[in-house]
Amino acid sequence: MGSATAGPAQAKASTPVRRRAVPWGVLALWVIVLAVAGSFAGRLGDVQRDQNTDYLPAGADSTQVAKVQDRLPGGEITGLVLVYHRYGGLTPADRATATRQLATLTVPPGTHATKTPAELAAATDPKDFAAVPNGPAATSKDGATLMYALSTTAPAKNDDAKKTFVDDVREHAADTDGMSVRVGGDGALAVDARGVFGSLDGTLMLATGLVVALLLILTYRSPVLWLVPLLAVGAGAVCARAAVYALATWTGITVTSQSAGIMTVLVFGAGTDYALLLVARYRDELRHTPQPYDAMRAALRGCGPALLASSGTVVAGLLCLLAADLNNIRGLGPVGAVGVLCALAAMLTLLPALLVLLGRRVFWPLVPAYGSQPRRRRRDLFAAMGSSAAKRPTAVLLTGVVLLGALALGAFHLPGALKQDDSYTTRPESVVAMTTLATAFPDRSSRPIDVVAPTATADQTLAAARTVDGVASARRGRTGGGWTEIAVTAKDAPESAGETATITRLRSRLTGAHIGGASAQALDLADTNAHDRLVVIPLVLASVLLVLALLLRSLVAPLLLITAVVLVWGAALGIGGLVFGPLLGFTGLDPGLPLLTFVFLVALGVDYGIFLMHRTREETRHGAPPREAALTALRTTGAVIASAGTVLAATFAVLASLPLVMFVELGTIIAVGVLLDTFLVRTYLVTSANLLLGRAVWWPGRLSRTPTATEQAPQLLDTRH
């Protein structure tokens with residue numbers, strides 16, 4: 001049988017064929033995937049929803065109001081406020097101008113006086129919308145400000161129509177001869193907010209890509225190498241957008257501009273982190289393996305488990321957000337998880353294929369030749385850090401814990417709940433209008449409290465609302481589908497303690513009715529975020545602990561890492577308390593920020609603990625004593641962890657450049673937390689704890705037991721890296 005003698009020869013011949021075929025096959029597969037995904041990635045905006053209900057708690061009273069309003073004739077109401085202002089006082093000519101402009105707005109082109117309110121409410125063309133004055137004009141005590149409250153109806157979920165209408169109002173209500181005219185109200189605020197969110201996606205993609213490219217160039221100091229991970233992570237981002245589009249189409253999950261933007265940052269940040277770890281390990285393997293294909297296989301075997309566990313903790317933490325009641329936060333869970341999985345897939349398949357096909361020359365000018373040794377610095381930074389921690393591990397550990405605890409005290413200085421008018425770093429026209437109103441009319445509300453009641457009891461509800469303490473007026477609104485809308489005006493300013501008390505009294509007095517509107521939504525958001533923290537945070541801790549225990553075969557090491565990231569979260573919040581108000585002038589904190597920052601810092605921050613502890617475990621398994629294993633792990637992974645942490649912090653810092661206070665706060669806290677985790681916790685605190693605990697850090701796993709002489713003899717410490 002000739003095949004018996006040809007077998008070994010065929011096996012030898014197949015190896016070079018496989019080395020060529022596998023990476024080319026992977027690359028071809030990715031070309032096909034990107035060709036298909038590209039057409040769907042651009043349609044992600046079609047399934048993004050930024051309605052009020054998409055940012056509200058699913059079961060809240062104010063959410064029920066918003067849903068009923070969508071079903072009323074004409075859909076969601078668009079409330080506007082025209083604010084006329086002149087320093088020194090309005091003149092008779094100013095008032096005449098305001099009257100003429102109001103007449104133009106309340107009878108827009110194409111609308112006839114013979115149309116009934118029902119016909120106006122059913123209009124679908126923005127040119128046929130009718131603005132209806134909500135009572136007479138109000139003049140401030142100093143005579144400098146005149147306010148007209150208007151309302152109209154718009155087709156449910158027709159954001160383009162609402163924007164067109166608001167833009168038309170702004171075009172007709174223009175500044176005249178020194179008198180400023182600003183359009184505010186909930187309708188204008190919503191349009192301005194959607195305009196900001198609508199510009200986030202492209203801005204974030206471009207800014208994050210540029211930041212990652214710059215940091216990769218600085219890290220690799222190569223004219224070519226930086227481009228390979230960037231191409232791979234870009235491919236992951238395209239696939240993530242397509243996958244989220246498919247997920248939203250099939251399951252109906254809530255995808256907002258906020259969650260899509262955060263997903264972009266996650267893909268670039270996490271994907272680049274995985275690339276840095278893999279490329280570093282691949283570079284080392286090239287010095288000990290003649291063929292790039294074999295070096296990549298060894299690199300994937302070496303760091304693959306850490307990458308899988310790292311992404312597993314992030315995905316597990318994000319999926320815990322499904323337990324939240326807040327619609328946009330619950331939707332962020334699967335959206336972010338899909339992004340991380342797509343980034344991981346690109347880093348474990350496309351990136352290795354590209355690196356193998358390009359060969360060693362991709363590292364030029366610092367090519368890792370076979371048999372060479374890495375260039376040694378006279379004094380390695382991370383070796384020096386390890387040595388300093390080893391001299392006094394107890395003192396280092398206690399000092400670090402005390403420092404983080406002291407920083408966490410700054411959380412008591414965090415500002416209160418963020419008001420809608422304070423949500424922007426650069427204030428749009430609607431916010432300027434509302435600020436002017438708050439100054440001109442400090443003793444009255446400029447936003448209605450929306451009440452929806454069953455039509456059968458609407459008259460009784462209206463009468464009861466007028467008797468509630470704190471209510472200035474109440475009037476009947478639209479009717480349809482068994483519900484009637486009632487607009488209630490409070491005596492106190494929006495989102496003030498007095499108005500909050502009025503909302504609470506309305507909810508207790510108006511049986512069978514639902515209370516909503518902007519201020520009621522803010523109240524429900526605060527309550528729901530507090531509830532979500534109590535539910536989601538324990539789930540995140542449990543899921544991350546489980547993934548770490550499976551990877552590290554230990555309970556002590558996972559508890560050590562989780563304790564460390566919780567300390568980092570507290571310290572990062574504390575730094576936020578010292579910065580947001582005193583330095584940045586922010587007057588409020590987004591109520592969802594504590595939960596989001598916890599999930600991201602725990603799930604992402606524990607990544608670096610995984611890289612460090614996995615290498616420590618690897619060294620221990622090869623026979624290194626606990627002290628030597630901990631110091632070797634720090635020395636060999638310190639540089640790549642520092643690079644990865646810097647990249648991740650920089651990508652989240654991009655959020656701080658956006659014109660929304662919530663994103664500035666989110667990006668700042670996560671960036672600061674990642675840097676603390678990278679340069680303080682991993683290098684000093686975790687290493688010091690490893691030195692103090694010794695083998696006990698691996699309890700109750702096999703590595704926690706002292707090996708016998710026969711177990712130690714055949715094992716040698718791998719010092720190649």
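User: How much of the protein chain is buried?
Analyst: In this predicted model, buried residues make up 55% of the 721 residues in the protein chain.

User: And how many helices and strands are there?
Analyst: The protein chain has 23 helices and nine strands. As for its contacts with a separation of 6 or more, 80% of them come from residues 24 or more positions apart.

User: Which residues touch the most other members in the largest nonpolar core?
Analyst: That core holds 169 residues, and Leu 351, Leu 355, Phe 600 and Leu 666 are the ones that touch the most other members.

User: What does Leu 351 touch, then?
Analyst: Leaving aside residues up to four places away in sequence, Leu 351 touches Val 228, Pro 229, Ala 232, Ala 275, Leu 278, Val 279 and Ala 346. Another core, of 19 residues, lies apart from the largest one, and its members include Tyr 84, Tyr 148, Leu 150 and Val 166.

User: Switching to helix packing, at what angle do helix 13 and helix 22 cross?
Analyst: The axes of helix 13, residues 381-391, and helix 22, residues 661-693, cross at roughly 50° and come within 9 Å. Angles from 65 to 115 degrees would count as roughly perpendicular and those under 35 as roughly parallel, so helix 13 and helix 22 are oblique to each other.

User: Is the crossing of helix 13 and helix 22 right-handed or left-handed?
Analyst: Helix 13 passes helix 22 in a right-handed crossing. On the helix 13 side the contact is made by Phe 382, Met 385, Ser 388, Ala 389 and Ala 390, and on the helix 22 side by Thr 683, Tyr 684, Ser 688 and Leu 691. These contact residues divide into six nonpolar, three polar and no charged.

User: Where are the cis peptide bonds from Trp 364 to Pro 365 and from Trp 699 to Pro 700?
Analyst: The bond from Trp 364 to Pro 365 is cis with omega near 10°, and Pro 365 sits in the loop between helix 12 (327-358) and helix 13. The bond from Trp 699 to Pro 700 is cis with omega near 0°, and Pro 700 is found in the loop between helix 22 and helix 23 (709-712).

User: What about the phi of Asp 177, and of Arg 553?
Analyst: Asp 177, although not a glycine, has a positive phi of about 50°, and Arg 553, likewise not a glycine, has a positive phi of about 55°. Most residues other than glycine have a negative phi. Asp 177 lies in the loop between helix 6 (159-172) and strand 5 (180-184), while Arg 553 lies in the loop between helix 18 (518-552) and helix 19 (556-579).

User: Why does Arg 553 count as exposed?
Analyst: Exposed means over 50% relative accessible area, and Arg 553 has 52% relative accessibility, so it counts as exposed. Asp 177, at 70% relative accessibility, counts as exposed too.

Definitions and conventions
Residues numbered from 1 in each chain as written. Predicted model: local features only at pLDDT ≥ 70, side-chain atom pairs only at ≥ 80, totals over all residues. Heavy atoms only, no water. Axes fitted to C-alpha atoms, helices over the stretch in contact; angles between N-to-C directions. Helix = DSSP H or I, 4+ residues; strand = E, 2+ residues; numbered from the N terminus. Parallel < 35°, antiparallel > 145°, perpendicular 65-115°, else oblique. Left-handed = near helix turned anticlockwise from the far one by under 90°. Contact = heavy atoms within 4.5 Å. Nonpolar A, V, L, I, M, F, W, Y, C, P; charged D, E, K, R; others polar. Core = buried A, V, L, I, M, F, W, Y, C linked by side-chain atoms within 4.5 Å. Buried < 20%, exposed > 50% of the residue type's maximum accessible area, 1.4 Å probe, protein only.
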